[in-house]
Amino acid sequence: MVPDERVTKSAERCSLHPGSAAVATCDGCGRRLCLSCAVPVRGRVLGQECLAEALGDESPPQPAEGGSRSSRVRDLVAGISFTVAVITTILPWSRFGEGAGMFGAWGRPRWSTLTAAAAVLGLLLWLVRGRAPALSGAGWNLALAGLGALVALGGVLAGLRPPFASRAWFAPWLAAATGVVALLACLPTPVRRVRQDAERS
């Protein structure tokens with residue numbers, strides 16, 4: 001092999017995954033493919049875009065968006081976060097006085113009540129969404145993220161502004177932390193969205 005040719009071949013990268021070396025070119029469109037993009041079909045190598053055209057009705061169904069392992073893990077993290085947030089509402093929210101007993105978040109309307117209501121609604125929505133595939137769209141994820149934000153906001157404000165003549169216990173801060181985790185688990189990351197847009201085009 002000529003040295004110049006070896007350098008050129010090692011520098012070729014997959015057109016969808018620039019971090020991966022190209023191992024083949026698509027016989028349909030000529031695009032460079034890495035190992036995960038290259039699909040051998042009837043003696044040819046094709047990319048996902050040309051696969052459906054080559055196979056026609058025989059093409060395998062594309063996996064549903066949101067069905068990946070990472071999205072399932074993020075969904076599970078959101079459910080656990082809302083569950084822990086609900087459990088924190090059973091604990092005392094202040095060291096003494098109002099909110100110092102069990103179910104300390106459920107007293108008179110205050111910031112802890114906002115946290116408790118948002119945590120219960122978030123857990124209920126998460127449970128219903130798990131049983132109804134029609135509720136798995138981006139709008140429902142944003143609704144869960146909004147409830148996570150309310151849990152976090154209520155927890156922080158309850159911790160900073162406990163009932164008169166009292167001090168906050170650790171429950172508001174734990175609820176705030178779980179609210180932030182639920183918020184982050186339900187929001188799609190910008191990098192993931194950019195990657196999905198690049199793979200579609």
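Trainee: The side chain of which residue places a polar atom 2.8 Å from the backbone oxygen of V77?

Mentor: That residue is S81. Such a pair is judged as a polar contact, meaning N or O atoms within 3.5 Å; within protein, one must be able to donate a hydrogen and the other to accept it, and residues adjacent in sequence count only if both atoms are side-chain atoms. Please note that the model is predicted: local features need pLDDT of at least 70 and side-chain atom pairs count only at pLDDT 80 or more, while totals for chains, interfaces and linings use all residues. Residues are numbered from 1 along each chain as its sequence is written, and side-chain values use heavy atoms, with hydrogens and water left out.

Trainee: Where does S81 lie, and is S81 buried or exposed?

Mentor: S81 belongs to helix α3. Helices (H or I, at least four residues) and strands (E, at least two) are DSSP runs, numbered from the N terminus. Buried means under 20% relative accessible area, exposed over 50%, and partly exposed in between, with a 1.4 Å probe and protein chains only. With a relative accessible area of 6%, S81 is therefore buried. Beyond its neighbours within four places in sequence, S81 is in contact (heavy atoms within 4.5 Å) with T178, V181 and A182.

Trainee: Which other residue in α3 can be read in this way?

Mentor: T88, also in helix α3, is one. A polar atom of the T88 side chain lies 2.5 Å from the backbone oxygen of A85. T88 is buried because its relative accessibility is 1%. When residues up to four places away in sequence are set aside, T88 touches W93, A171, L174 and A175.

Trainee: How do α3 and α4 pack, and at what angle?

Mentor: Packing is described by axes, which are lines fitted to C-alpha atoms, for helices over the stretch in contact; angles run from 0 to 180 degrees between N-to-C directions. Here α3 (residues 69-88) and α4 (residues 111-131) meet at about 145°, and their axes are 8 Å apart. A crossing is left-handed if the near helix is turned anticlockwise from the far one by less than a right angle, and right-handed if clockwise; α3 passes α4 in the left-handed sense. The residues that meet include F82 and V86 from α3 and L123 and W126 from α4. Those forming the contact of α3 with α4 divide into nine nonpolar, three polar and two charged, where Ala, Val, Leu, Ile, Met, Phe, Trp, Tyr, Cys and Pro count as nonpolar, Asp, Glu, Lys and Arg as charged, and the others, Gly among them, as polar.

Trainee: Which residues touch the most other members of the largest nonpolar core?

Mentor: A nonpolar core is a set of buried Ala, Val, Leu, Ile, Met, Phe, Trp, Tyr and Cys residues joined through side-chain atoms within 4.5 Å. The largest one has 16 residues, and F82, A119, L123, L144, L147, V151 and C186 touch the most other members. Each of α3, α4, α5 and α6 supplies at least two residues of this core, and α4 gives the largest share, five residues. Another core, of twelve residues, lies apart from it and includes C37, L46, L51 and L55.

Trainee: What does E49 contact through its side chain?

Mentor: The E49 side chain makes a polar contact of 2.6 Å with the side chain of R31. E49 lies in helix α2 (residues 48-55) and counts as partly exposed because its relative accessibility is 38%.

Trainee: How many helices and strands does the protein have?

Mentor: There are seven helices and four strands, running α-β-β-β-β-α-α-α-α-α-α from the N terminus on. Of the 201 residues in the protein, 33% are buried.
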